[in-house]
Amino acid sequence: MLKNKIMEKIFNYIANIRKDLILHFIVGLLITQVTGDVVYLLTHSFYGGVIASLTCGFGAGIIKEIYDGYHINHSKDVKDLIATISGSLVGLILVIIVLI
């Protein structure tokens with residue numbers, strides 16, 4: 001009974017996540033993953049790939065929110081930034097796993 005209530009709460013929480021946040025997460029992950037792989041392939045530097053991937057992932061989120069702040073039809077949202085950075089961190093973990 002308790003297990004069902006916990007699972008129901010988890011599913012309701014996931015169902016209520018904005019699609020926008022999911023897209024921010026995915027884009028942060030992809031930017032980080034692709035950057036890390038490309039930099040490693042070009043330089044053969046593990047640390048270079050890790051630093052470049054993290055910088056690009058975080059930078060993309062920060063630049064996007066700065067952009068949103070200066071445009072009328074967009075609004076800055078800290079949740080968007082957190083979602084992008086979270087995706088970037090997951091991407092960084094994947095980069096490290098792949099490059100090791």
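Guide: Happy to! This is a predicted model. In it, helix 2 passes helix 3 in a right-handed crossing.

Visitor: At what angle do the axes of helix 2 and helix 3 cross?

Guide: They cross at roughly 150 degrees, and the axes come within 7 Å. Helix 2 covers residues 19-43, and helix 3 covers residues 46-70. The angle is over 145 degrees, which means helix 2 is roughly antiparallel to helix 3.

Visitor: Which residues make the contact?

Guide: On helix 2 they are H24, I31, T32, T35, G36, V39 and Y40. Helix 3 brings F46, G48, G49, A52, S53, L54, C56, G57, A60, K64 and E65.

Visitor: And how does that contact split by class?

Guide: There are eight nonpolar, eight polar and two charged residues in the contact of helix 2 with helix 3.

Visitor: Let's zoom out. What secondary structure does the chain have?

Guide: Four helices and zero strands, so the order from the N terminus is α-α-α-α.

Visitor: What about the overall dimensions of the chain?

Guide: The C-alpha trace spans about 55 × 40 × 15 Å along its principal axes. The chain has a radius of gyration of 17 Å, whereas a compact globule of 100 residues would have one near 13 Å.

Visitor: How many of the residues are buried?

Guide: Buried residues make up 25% of the 100 in the chain.

Visitor: Last one: what share of the contacts join residues at least 24 apart?

Guide: That share is 70%, counted among contacts between residues at least 6 apart in sequence.

Conventions
Residues are numbered from 1 along each chain as its sequence is written. This is a predicted model: local features need pLDDT of at least 70, side-chain atom pairs count only at pLDDT 80 or more; totals for chains, interfaces and linings use all residues. Side-chain values use heavy atoms; hydrogens and water are left out. Axes are lines fitted to C-alpha atoms, for helices over the stretch in contact, and angles run from 0 to 180 degrees between N-to-C directions. Helices (H or I, at least four residues) and strands (E, at least two) are DSSP runs, numbered from the N terminus. Angles under 35 degrees count as roughly parallel, over 145 as roughly antiparallel, 65 to 115 as roughly perpendicular and the rest as oblique. A crossing is left-handed if the near helix is turned anticlockwise from the far one by less than a right angle, and right-handed if clockwise. Contact means heavy atoms within 4.5 Å. Ala, Val, Leu, Ile, Met, Phe, Trp, Tyr, Cys and Pro count as nonpolar, Asp, Glu, Lys and Arg as charged, and the others, Gly among them, as polar. The radius of gyration is taken over C-alpha atoms; the globule rule is 2.2 Å times the number of residues to the power 0.38. Buried means under 20% relative accessible area, exposed over 50%, partly exposed in between (1.4 Å probe, protein chains only).
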